[in-house]
Amino acid sequence: MSGSAVDEYYPGLEGVIANETAIANIEGKDGSGGLEYRGYRIEDLADSVSYEETAFLLLHGDLPTASQLKDFDQRLKASRAIPEALVGLYKQIPASIHPMDVLRTSVSVLAHYDPDVSAPPSDHAANVRKAERLIAQMATAVAYRERVVKGLPLIAPDAKLDHAANFLHMVSGKVPSAVVRQAFDVSLVLYTEHELNASTFSARVTASTLSDLHSAIVAAVGTLKGPLHGGANEEAWKVLERVGAPENAERWIEDALARKERIMGFGHRVYKKGDPRAAILKRYCASIAREIGDDRWERIAEPIERAVTTQKLLPPNVDWPSARLYHYMGLGIELYTPIFAMARVAGWAAHVIEQLDHNRLMRPRARYIGPPAREIKPLQER
Ligand SMILES: CC(C)(COP(=O)(O)OP(=O)(O)OC[C@H]1O[C@@H](n2cnc3c(N)ncnc32)[C@H](O)[C@@H]1OP(=O)(O)O)[C@@H](O)C(=O)NCCC(=O)NCCS
């Protein structure tokens with residue numbers, strides 16, 4: 001790239017290659033879009049490996065053997081507790097504060113109590129340990145804060161339950177059915193990693209200054225919160241509610257598009273022909289709707305999907321099915337984006353570690369469009 005920032009300008013950094021990665025590939029075979037985690041296709045992973053195996057794959061470079069998985073699982077389970085001071089804070093932070101804001105604070109507080117807090121940022125092994133602890137702790141943090149806000153007693157993590165089932169149990173007090181557990185686990189697998197999306201990019205930018213892993217994850221949580229990124233799953237649910245009935249879909253979408261509104265849960269910066277994760281999760285939505293014996297939201301989602309696809313040529317992204325999947329599981333809408341975050345932390349951490357292992361400070365340029373160089377007038381003359 002030339003030394004002048006005027007020559008090359010890509011608003012939103014669209015299409016710019018900012019770093020190399022061995023973690024995820026979203027090019028697909030012919031460049032038309034697909035998703036692989038370390039060379040494994042998402043379609044294969046979703047149906048056959050757990051969130052724990054996926055997190056191990058991202059952090060350690062390959063799928064675990066049976067004994068590696070056993071050890072990893074034990075390490076995660078041993079890390080599920082969070083400091084009392086943080087639980088105390090949940091009781092003091094006003095109930096009206098969004099869980100994503102509280103999660104951002106939580107990661108920051110967890111940093112102070114991490115046993116590797118004073119390890120140098122470039123210590124690979126310490127970073128992996130921090131990442132494993134955060135994966136376990138963030139799920140507990142989201143569940144505990146939810147229980148505190150609802151005025152319900154906290155449910156301690158249960159070492160007999162895996163990551164997905166334990167989270168659902170800590171939130172609701174009920175051990176999920178096998179079908180619900182599996183669908184939730186798949187949603188976590190799909191949310192775990194997605195190359196250089198906005199939140200991962202901000203995590204890598206933070207890490208590139210040789211800041212610490214927790215600081216990078218704090219930045220990522222703050223970035224994920226926005227409705228153009230992770231916050232879209234919460235907004236997608238509102239679309240379903242506002243449309244309210246299958247027969248309203250076509251007109252509602254037409255009106256919204258005429259008002260130049262964005263239909264949340266549709267479109268993607270990279271996947272112009274469709275998000276492979278959306279197709280996978282849609283199958284699970286249908287099976288959970290069958291299990292709970294209520295297909296109302298499936299019947300509303302279908303014509304909305306058709307209308308947006310035909311009227312604006314925009315396919316659904318992963319946030320579209322996940323919104324109703326989480327609704328079927330009885331999860332409050334304000335938990336949708338925190339769940340995305342507690343899954344994505346494995347991907348964020350893998351990127352932070354990759355960045356710190358091969359660091360180059362991220363410092364792009366801006367094209368200046370302000371006034372030309374000028375003299376300062378004395379105060380009395382301005
Ligand atoms: C994700 C997103 C930001 C990517 O957008 P992008 O690739 O930068 O696309 P642009 O913002 O350049 O939009 C291109 C055109 O499509 C339209 N568009 C894109 N997404 C749209 C949406 N969800 N609803 C309505 N119109 C949309 C834009 O308005 C623009 O239309 P125009 O050409 O008539 O002006 C965008 O699709 C979006 O806002 N989606 C909704 C939020 C969401 O679901 N985010 C989760 C992503 S996983």
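In the predicted model, helix α8 (residues 178-191) packs against helix α13 (residues 276-292) at an angle of about 165°, the two axes lying 10 Å apart. Because angles over 145 degrees count as roughly antiparallel, α8 and α13 are classed as roughly antiparallel to each other. Their crossing is left-handed. On the α8 side, the contact involves V179, V180, Q182, A183, V186, S187 and L190, which meet R277, I280, L281, Y284, I288 and E291 of α13. By class, this contact of α8 with α13 comprises 9 nonpolar, 2 polar and 2 charged residues.

Helix α8 also packs against helix α15 (residues 319-328), here at an angle of about 150° and with an axis separation of 11 Å. This angle makes α8 roughly antiparallel to α15. The crossing of α8 and α15 is left-handed. A183, F184, S187 and Y191 of α8 form the contact with D319, S322, L325 and Y326 of α15. Of the residues in the contact of α8 with α15, 5 are nonpolar, 2 polar and 1 charged.

The crossing of α6 and α7 is right-handed. Helix α6 contributes I135, A136, A139, T140, V142, A143, Y144, E146 and R147, and these residues meet H163, F167, M170, V171 and S172 of α7. The contact of α6 with α7 contains 9 nonpolar, 3 polar and 2 charged residues.

The ligand is surrounded by 19 residues, of which R262, I263, G265, F266 and K272 are the closest. Two of these closest residues, F266 and K272, also supply polar atoms facing the ligand. For F266, a backbone N or O atom is placed 2.8 Å from a nitrogen atom of the ligand. For K272, a polar side-chain atom lies 2.7 Å from an oxygen atom of the ligand. A polar side-chain atom of K312 is likewise positioned 3.0 Å from an oxygen atom of the ligand.

How values were computed: Residues are numbered from 1 along each chain as its sequence is written. This is a predicted model: local features need pLDDT of at least 70, side-chain atom pairs count only at pLDDT 80 or more; totals for chains, interfaces and linings use all residues. Side-chain values use heavy atoms; hydrogens and water are left out. A crossing is left-handed if the near helix is turned anticlockwise from the far one by less than a right angle, and right-handed if clockwise. Helices (H or I, at least four residues) and strands (E, at least two) are DSSP runs, numbered from the N terminus. Contact means heavy atoms within 4.5 Å. Ala, Val, Leu, Ile, Met, Phe, Trp, Tyr, Cys and Pro count as nonpolar, Asp, Glu, Lys and Arg as charged, and the others, Gly among them, as polar. A residue is near a molecule or strand if one of its heavy atoms lies within 4 Å of it. A polar contact is a pair of N or O atoms within 3.5 Å; within protein, one must be able to donate a hydrogen and the other to accept it, and residues adjacent in sequence count only if both atoms are side-chain atoms. Axes are lines fitted to C-alpha atoms, for helices over the stretch in contact, and angles run from 0 to 180 degrees between N-to-C directions. Angles under 35 degrees count as roughly parallel, over 145 as roughly antiparallel, 65 to 115 as roughly perpendicular and the rest as oblique.
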